[in-house]
Amino acid sequence: NESASMESRPPEQLWKINNKRAQKNGNHKGVYWVKKRQADEDGKIRGEKWYHSSKYEGEWNNNTKEGYGIMYYANGDKYEGSWKDNQRNGNGTLWKLISKKGDKYKRIYTGEWNDDRMSGQGSYFYENEDRYDGFWLNGKKHGQGRMIYANGDIYEGQWVDDLKDGYGIFTKASGDSYEGYWMKDMKHGQGSFYFGSTSKIYVGEWVEDIPKCGVFTEVEDDDVVKQCRPKYFTDPNTAPPLPELKLE
C-alpha cells in the first residue's frame, strides 16, 4: 500500500536537503559573497582568512537577483533599485561611499539601467561637481541632454557617444554663447557665436571649432540673440521614486 511504499523509500540525501534550503526566491535579508584575504609578503594572513566582499538585500527569482534590491559592493559603493537576470535593469540609484565609517554616501547616478549599464533617461553627478541630465546609451551620454558644469557653463542639446554632436546651445558663464551644430565635441557646421563682452555676433560656417566663412554683426538689442530655440528639459529631471524594501 501507499504507506508501505513511503516507509520503504530511502531518506533524501543531506546535500539535496541543504541545496533546497539554499535556493534563493523571494525576499532575503542578506546574501553575502566572501573572498579569501591575500597573504602578506611573509606568506602570513593577518586577521580573518575570509571576509565579506559584497552583500545583496532584496528579491530573488530562481537564484538570480530580480525585482527590487540593494547591492553593497566591495569598494563600499551601493546600488538601490531594480534588477533582472542578476543585472541592474529598470530604475535605480548608484551611491559612492565617502565616509570611512560607512555611513555617508554621495549620489553618482539616478535613472534608468539596461543590462548593468546606464541606458535611458537619468542624471549623473560628477566628482568635480558637474551634472548631466538627459539620455544615455550603454553607459554613455547619447541623445538629448543638458550638462551643467561646475564653472557655470551650460550645454543643452544633442550627444553621441559621450560627445556633443548634432544641434546644441553652449552658454558660458562669461556671457558668450554658441548656437548651432557640433561634431565630436567641436563646433562644426552652421552656427552663431555671441560675444557677451562686445555684443557682437558671428554667423557662419565652422570647421572643427574654427570659423571659416561668416559675417560679424554688432547687436544693438540683446533680445536679438534670444530667439526661439528648442527647449530641452524645461522641467527638472526627476526619476520615479524607488519602492521601499520590505523583508519578511
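Asp185 is partly exposed, at 32% relative accessibility. In this predicted model, Asp185 forms a salt bridge with Lys164, and their closest N and O atoms are 3.2 Å apart. Lys164 sits in strand E11 and Asp185 in the loop between E12 and strand E13 (186–195), so the pair ties together parts that are 21 residues apart in sequence.

**Other salt bridges**

- The count of salt bridges comes to 9.
- Lys96 and Glu127 make one of them, at 4.0 Å from N to O. Since Lys96 belongs to strand E5 and Glu127 to the loop between E7 and E8, this pair ties together parts that are 31 residues apart in sequence.
- Here Lys96 is partly exposed, with a relative accessible area of 30%, while Glu127 is exposed at 63%.
- Lys55 pairs up with Glu57, with 2.8 Å between the closest N and O atoms. Glu57 is buried, at 15% relative accessible area.
- There's also a salt-bridge network, which links Arg131, Asp133 and Arg146.

**The overall build**

- The chain has 2 helices and 15 strands.
- Of its 248 residues, 31% are buried.
- If you take contacts between residues at least 6 apart in sequence, 19% of them join residues at least 24 apart.
- The accessible surface comes to about 16,100 Å², and carbon and sulfur atoms account for 49% of that.

**The nonpolar core**

- In soluble globular proteins, nonpolar side chains tend to be buried together.
- The largest nonpolar core here holds 22 residues, and the ones with the most contacts inside it are Tyr109, Trp113, Tyr149, Tyr155 and Trp159.
- Strands that give two or more residues to this core include E2 (50–61), E8 (131–137), E12 (177–183) and E14 (200–207). The largest share, 3 residues, comes from E6.
- What does Tyr155 touch, once neighbours within four places in sequence are set aside? Its contacts include Arg146, Met147, Tyr149, Lys164, Tyr167, Ile169, Phe170 and Trp182. Two of these turn up elsewhere in this briefing: Lys164 in the salt bridge with Asp185, and Arg146 in the network with Arg131 and Asp133.

**Ser119 in strand E7**

- Ser119 lies in strand E7, which covers residues 117–125.
- Is Ser119 buried or exposed? At 11% relative accessibility, Ser119 counts as buried, because the cut-off for buried is under 20%.
- Leaving out neighbours within four places in sequence, the contacts of Ser119 include Tyr109, Trp113, Trp136 and Leu137. Tyr109 and Trp113 are also among the residues with the most contacts inside the largest core.
- Ser119 and Lys141 are 22 residues apart in sequence, and their C-alpha atoms are 8.8 Å apart in space.

**Strand pairing and hairpins**

- E4 and strand E5 (residues 87–97) run antiparallel and are joined by 6 bridges. Tyr79 stands opposite Leu94 in E5.
- E5 also runs antiparallel to E6, with 8 bridges joining the two. Leu97 has Tyr105 in E6 as its bridge partner.
- E14 and E15 pair antiparallel over 8 bridges, with Val203 partnered by Val215 in E15.
- How many buried residues does strand E15 (residues 210–218) have? The count is 0 among its 9 residues, so E15 is hardly covered.

**Positive phi angles**

- Most residues other than glycine have a negative phi, but several here go the other way.
- The hairpin of E4 and E5 has 2 residues between the strands, and Asp85 takes a positive phi near 55° there. The hairpin of E14 and E15 also has 2 residues between its strands, with Glu208 at a positive phi near 50°.
- Asp115, in the loop between E6 and E7, has a positive phi near 50°. Asp115 is partly exposed, with a relative accessible area of 42%.
- Asp162, in the loop between E10 and strand E11 (163–171), has a positive phi of about 75°. Asp162 is partly exposed too, at 30% relative accessibility.

- The chain averages a pLDDT of 81, and 68% of the residues score at least 70.
- Over residues 224–235, pLDDT stays under 50, and the model has 20 contacts beyond four places in sequence for that stretch.
- Where pLDDT is low, the predicted coordinates should not be read in detail.

Methods:
Residues numbered from 1 in each chain as written. Predicted model: local features only at pLDDT ≥ 70, side-chain atom pairs only at ≥ 80, totals over all residues. Heavy atoms only, no water. Core = buried A, V, L, I, M, F, W, Y, C linked by side-chain atoms within 4.5 Å. Buried < 20%, exposed > 50% of the residue type's maximum accessible area, 1.4 Å probe, protein only. Helix = DSSP H or I, 4+ residues; strand = E, 2+ residues; numbered from the N terminus. Contact = heavy atoms within 4.5 Å. pLDDT = per-residue confidence, 0-100. Areas by Shrake-Rupley, 256 points an atom, 1.4 Å probe, with all protein chains shown as cover. Pairing = 2+ DSSP bridges. Salt bridge = Lys/Arg side-chain N within 4 Å of Asp/Glu carboxyl O.
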